[in-house]
Amino acid sequence: MPYIQVKNLTKKFGKFIAVDHISFSVQKGEVFALLGPNGAGKTTTIRILTGLYAPDGGTVKIGGLDIQKHSLQVKQKIGIVPEMANPYLDWSAYKNLFLMGELYGLDKEVNQKRIKELLDRFQLSHVQHKRSKSYSKGMKQRLVLAMALMADPQLLILDEPSSGLDVQSARLIRQVITDFHGQGKTTLLTTHDIKEAEQLADRVAIINHGRIVAIDRPQKLKQTFQQTASLLVSFQKQIEVEDLKFLSLNQIKKEGDKFRLYSQNIPQLIPLLVNYSTKSKNPIIFLHTLGPSLEDVFVNLTKQ
């Protein structure tokens, strides 16, 4: 049985349909990413899954429990990192974590042990007694994630977890997600960061205008768009795009001193380029083939 089961989920705001009959499932121990542009419906979906919004249609089950019928039981299984979340800013990291432990009913010894583990894990021990209003954005986000992990949840839900963070904080948060996955626990995250989704997720659902337009493993999604395979080439002497128009291409782009050539038959291009180089007495100084990227898939599926 899937750990998360979403069927025909719908949410409207007036006449605007934010989530339009979407369905997906997430297996226990899986990292699942909702990938889409801003306004696609990712955050609304997360808010329904975490009980902040009631759906206008459809059902959501987490751990076999319907979130509308068993809201409290479901919430006890989940650690949540909302978009634009903040800890209690007048409280220290220690006090924020202590409160979370008490809210989840942890006994004093377990609470203290968990606080120390998380302060160390998120590199906040040195500021644990300072008010969190003095923390950087990255430190606040680390603290919010630590708070979400206080009760050792089975499911971690993160909405744009590394958006706008410094490199160190973003790396740390991604490593925590990887470690959580290694414990056999389930993660659902939303992101518009394509590299983040490709790096972290076992499967990706691409959402646009409130609808899921594709769902699969990143590698499988890329294989469906072989026409976006490309080749990067550069010549010793400068040439123009028009000089390569004799090639049968899907698209050609100039990138700095290189040209990116898109084709469904990349191997066929190489001898033609070598022949062109020989005839024009203009040696090739750079040649690199590239498969379709998740970014290519995303652009193709979400373009107007």
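How many salt bridges does a search of the whole structure find? The search finds twelve, where a salt bridge is a side-chain nitrogen of Lys or Arg within 4 Å of a carboxyl oxygen of Asp or Glu. The structure is a predicted model, in which local features need pLDDT of at least 70 and side-chain atom pairs count only at pLDDT 80 or more, while totals for chains, interfaces and linings use all residues. Residues are numbered from 1 along each chain as its sequence is written, and side-chain values use heavy atoms, with hydrogens and water left out.

One of the salt bridges joins the side chains of glutamate 30 and arginine 203, at 2.5 Å from N to O. This pair links distant parts of the chain, 173 residues apart: glutamate 30 lies in the loop between E2 and strand E3 (31–35), and arginine 203 lies in strand E9. Helices (H or I, at least four residues) and strands (E, at least two) are DSSP runs, numbered from the N terminus.

Strand E2 also belongs to an open sheet of four strands, ordered E2-E1-E4-E5 with antiparallel pairing; two strands pair if DSSP finds at least two bridges between them. Strands E2 (16–26) and E5 (65–66) form the edges, each pairing on one side only. Strand E1 (residues 4–13) runs antiparallel to E2 and is joined to it by seven bridges. For glutamine 5, the bridge partner in E2 is serine 25.

We turn next to the domains. The domain assignment, which is automatic or taken from a database, gives domain 1 (2–90 + 150–216) and domain 2 (227–302). Their centres, taken over C-alpha atoms, are separated by 38 Å. Ten residues from domain 1 and six residues from domain 2 take part in the contact, defined as heavy atoms within 4.5 Å.

The size of an interface is often given as the accessible area lost when the parts come together. Between domain 1 and domain 2 the buried area is about 740 Å², and carbon and sulfur atoms give 85% of this; the area is the accessible area (1.4 Å probe) that two parts lose on being put together, summed over both. Zero salt bridges are counted between the two domains.

On the side of domain 1 that touches domain 2, the elements giving two or more residues are helix H7 (194–200), strand E9 (203–208) and strand E10 (211–216). Helix H7 gives the most, with three residues.
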